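Reader: Could you take me through the salt bridges of this model, and then through one of its helices?

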Amino acid sequence: MIITRLTGGLGNQMFQYALGRVLSIKHAVPLGLDTSLLGKKSTFNNDTVREFGLGDFAIQADIVPVAKIPFVYRINNPLFARIYDLTIGRWQSKNGVEKKHGFDPSMLRLGSNVFLSGFWQSYAYFSGPENDYEKYIRADFRLREEVPETIQKIAEAARVKNTLCVHVRRTDYVGTVHDVVAADYYHAALSRIEQELPPGQKIETIYIFSDDIDWCRQHVSFAYDTVYVDQHKDVYDMYIMSQCKHFIIANSTFSWWAAWLAEYPGKIVIAPKYWFAHTKSSDLSTKSSVDIPTDTPTLTPPTWIRI
């Protein structure tokens, strides 16, 4: 059995599920989800309390009881889990503990009985010429049930025009290892989108999504018809975002997945060159079991543009 530990918000949980799902398919074994750290506050790094977020998707996995989790991970304490990963766990590759941020091909060679603990933030774990599990991941991340009519109306409006999704992540990023992407990035990204559009095309409407939409109404504006989308349930916001044609994402796995799930064949995706507050990495790296990188080349598909 493959067991993957879920931590963080919806985007993080989706990456963690994706690697576990790939290994479960390769070995034809069940996939179990360890949710023991969700719903808990860590005093180690002021983490936001996160709940299980994958239940609305058509995932092929079950939440496992504590008895199936390796003994050392049964202590449901985020501080203990991080210290273990940082020390003993990081040297035990057989346990599937992530050593560094980015794609590690050795993880795809793990066996059929493994416990995964990490973030696994790379498209290459499930999408590539020699590792093409994309169709399974896309199918698993479809919503189980029809979305409410109010959500469908917004999504349809975003789908029928040449729309641009802009994501601004703020509340839990201010002053952290990620930090908030500067305003200059968004304007530079919009200019790049305009350059990349095929001749005769233009952006008709910009849809702005944020965990602080009121702040965006005051501080984020473009010379285009703009819709500031009020927050809904996370999976609904991601669904609406994925109906847009083009994307300027934040340094956020939430908007990463919205852009990746979008099916428009001519989509243009702009992502920040620096995913983390790289100028602060030396100060913040000790707060995570995974080294904080200054570059993340395997995070995004090769067709995405990093600026």
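**Salt bridges and a covered helix**

Author: The structure holds 12 salt bridges, each being a side-chain nitrogen of Lys or Arg within 4 Å of a carboxyl oxygen of Asp or Glu. The model is predicted: local features need pLDDT of at least 70, side-chain atom pairs count only at pLDDT 80 or more, and totals for chains, interfaces and linings use all residues. Residues are numbered from 1 along each chain as its sequence is written, and side-chain values use heavy atoms, leaving out hydrogens and water.

Reader: What does Lys-233 meet in a salt bridge?

Author: Its partner is Asp-56, at 3.0 Å, N to O. Lys-233 lies in the loop between strand E7 (225-228) and H7, and Asp-56 in the loop between E2 and E3, so the pair ties together parts that are 177 residues apart in sequence. Helices (H or I, at least four residues) and strands (E, at least two) are DSSP runs, numbered from the N terminus.

Reader: And Glu-149 and Lys-153, are they buried or exposed?

Author: Both are exposed, meaning over 50% relative accessible area; buried is under 20% and partly exposed in between (1.4 Å probe, protein chains only). Their side chains form a salt bridge of 3.7 Å, N to O, and both lie in helix H4, 4 residues apart, about one turn of the helix.

Reader: Turning to H7, how many of its residues are buried?

Author: In helix H7 (residues 234-242), 7 of the 9 residues are buried, including Val-235, Tyr-236 and Met-238.
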